[in-house]
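Visitor: I would like to learn how to read a structure like this one. Please take me through it feature by feature.

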Amino acid sequence: MNEERLPAAFTTTMREMLGQEADAFLESYKTPRTQGLRFNRLKSNTESGRIAITNTKSLFGLEPIPWCPDGFYYEEPSRPGRHPYHTAGLYYIQEPSAMSAAELLSPLPGETVLDLAAAPGGKTTHIAALMQGEGLLVSNEIHSERARILAENVERLGLSNTLVTSATPGELALRFPESFDKIMLDAPCSGEGMFRKDPDAIDEWSPEHVLMCAARQWDILQDAYKMLKPGGSLAYSTCTFNREENEDIMTRVTDTYPDMELLTHKRLWPHLEKGEGHFVALLRKHKSAGEESLPSKRKTAGGRGKSGPTTNTSVRDAFQQFQIWAANDLPGFPDKGVPLLFGESLYLLPEAFNDQMHTGLLEGLRIPRAGLHIAHLKKNRIEPAHALAMALQPEQASRSFDLASDGPEIRAWLRGESLPVSSDLHGWTLVTVDGLPISWGKASLGQLKNHLPKGLRIM
């Protein structure tokens with residue numbers, strides 16, 4: 001990319017910011033963009049997962065990303081997104097610099113976490129992996145189509161502790177005041193770090209657009225502040241370089257809220273690190289003197305105990321149906337949690353939701369994914385959901401059928417074809433690739449019928 005292709009006001013700003021480094025920064029736009037993937041700890045903590053990671057590193061010549069233990073660079077000719085391991089959720093294709101944000105937030109198992117502007121899901125899936133499936137992650141995206149993509153990635157990577165919402169930050173702030181231990185805000189920005197990846201971002205950029213983004217970021221941050229518990233941490237990140245959307249916004253937060261402290265901030269520059277560039281900062285909300293010895297507040301609008309889906313007879317009946325099925329077909333599944341029923345779809349929120357909140361808070365919210373989708377209710381029978389398969393380990397299922405990642409059978413399966421199996425195999429069967437769950441199949445009369453969702457099939 002020639003420097004002349006970049007907006008003149010942008011290059012002027014960068015020269016003012018970087019001084020003698022500006023030439024190296026602008027020269028970086030002439031080099032190919034970097035590619036990265038991040039392994040999913042929820043899949044890599046088994047022997048099969050560890051072997052699959054070794055295979056992936058060998059297949060694609062991966063090199064470690066310094067700021068993310070699970071992150072690796074790969075070269076442009078490689079196509080890991082087309083490998084069966086990608087379908088199995090072993091890794092997430094993610095821009096390397098963006099991996100720095102969740103690492104800085106450092107969520108812990110058992111915490112209650114909010115990803116406030118989450119699509120397409122890179123930071124949500126990273127946070128969930130660091131939480132090791134324990135606690136509660138609320139992953140929000142205001143735009144419905146992007147929320148759908150977010151929900152698909154949550155499903156593919158096998159997240160079981162994640163509630164996907166599609167709401168404005170203001171809507172969430174009214175329902176969940178001081179409710180989250182940690183909040184990730186990957187703020188909508190002017191996208192200066194996207195110029196090498198997406199030339200359209202250049203055409204959309206202007207000084208006025210920068211100021212508009214900064215105003216929007218401030219609005220979102222005010223709602224994020226309301227939802228952060230005293231003692232909690234907030235990570236703020238952008239893929240842009242100007243000060244107005246980064247340092248100036250952080251100064252505005254600490255000037256406006258005396259209880260907010262900027263712990264650290266850093267930049268990843270594309271001329272200094274392999275990546276498209278990122279800004280990330282970590283803030284902490286201090287407790288007042290009277291709160292230091294008290295437990296965290298549980299201020300949830302309406303109070304605990306408000307009636308919701310879990311008290312509905314049809315929900316209890318549906319969950320009981322699932323438990324009867326699982327006792328035989330899925331004996332290793334820990335079916336603890338808060339069941340929710342949306343039409344014919346049965347979901348299970350993690351137990352942590354009941355500890356922190358109540359289902360009445362979800363009424364009126366757009367919820368693309370209410371925790372783990374466990375089953376479809378059919379007439380007089382249960383059909384296990386694809387998301388359930390992706391969240392399992394093979395040993396949790398009564399029956400599993402493994403396919404080699406380099407064999408013709410997996411390619412046929414990903415096309416949606418059925419496969420011949422032993423006539424001794426009957427019923428719902430967890431289909432795996434090199435030991436990694438990839439979908440359900442249903443075995444009958446020597447055939448394994450394919451239940452990979454049609455939208456996921458590779459034609």
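Visitor: In which loop is the place of Pro 120?

Guide: Helices (H or I, at least four residues) and strands (E, at least two) are DSSP runs, numbered from the N terminus. Here, Pro 120 sits in the loop between β5 (112-115) and α7 (122-130). A cis peptide bond joins Pro 120 to Ala 119, with omega at about 5°. This is a predicted model, in which local features need pLDDT of at least 70 and side-chain atom pairs count only at pLDDT 80 or more, while totals for chains, interfaces and linings use all residues. Residues are numbered from 1 along each chain as its sequence is written, and side-chain values use heavy atoms, with hydrogens and water left out.

Visitor: What is the mean pLDDT of the protein?

Guide: pLDDT is the predictor's confidence in each residue, from 0 to 100. The mean for this protein is 92, and 94% of its residues reach 70 or more. Over residues 293-311, pLDDT stays under 50. Where pLDDT is low, the predicted coordinates should not be read in detail.

Visitor: Which residues of helix α1 are buried?

Guide: Buried means under 20% relative accessible area, exposed over 50%, and partly exposed in between (1.4 Å probe, protein chains only). In α1 (residues 8-18) the buried residues are Phe 10, Thr 11, Met 14, Met 17 and Leu 18. They cover an arc of only 125° around the axis, so they lie on the same side of α1; the arc is that of the directions from the helix axis to the C-beta atoms. Ala 8 and Glu 16 are exposed, on the face of α1 turned away from its buried side. Among what covers the buried residues are α2 (22-27) and β10 (260-268). Just after α1, Gly 19 has a positive phi of about 60°.

Visitor: Is Asn 380 buried or exposed?

Guide: Asn 380 counts as exposed because its relative accessibility is 72%. Its loop runs between β15 (372-378) and β16 (381-384). Asn 380 also has a positive phi, about 65°, although it is not a glycine.

Visitor: How many residues does the largest nonpolar core have?

Guide: A nonpolar core is a set of buried Ala, Val, Leu, Ile, Met, Phe, Trp, Tyr and Cys residues joined through side-chain atoms within 4.5 Å. The largest one has 44 residues, and Tyr 236, Met 250 and Leu 362 have the most contacts inside it. Helix α11 (residues 207-227) gives the most to this core, seven residues. A second, separate core of 27 residues includes Leu 90, Leu 403, Leu 414 and Ile 438.

Visitor: Which residues lie nearest the centre of the largest pocket?

Guide: On a 1 Å grid over the protein atoms alone, a pocket is an open set of points with protein on both sides within 12 Å along at least five of seven lines, and a cavity is a set where a 1.4 Å probe fits but cannot get out; lining residues have an atom within 4 Å of a point. Of the 46 residues lining the largest pocket, Ala 119, Pro 120, Arg 146, Asp 186 and Cys 239 lie nearest its centre. Its volume is about 1200 Å³, a volume being the space filled by probe spheres set on the points, with grid points joined across faces, edges and corners.

Visitor: Which helix gives the largest share of the lining of the largest cavity?

Guide: That helix is α11, with five residues. The lining includes Trp 218, Leu 221 and Tyr 257, and the largest cavity holds about 40 Å³ of space.

Note on methods. Contact = heavy atoms within 4.5 Å.
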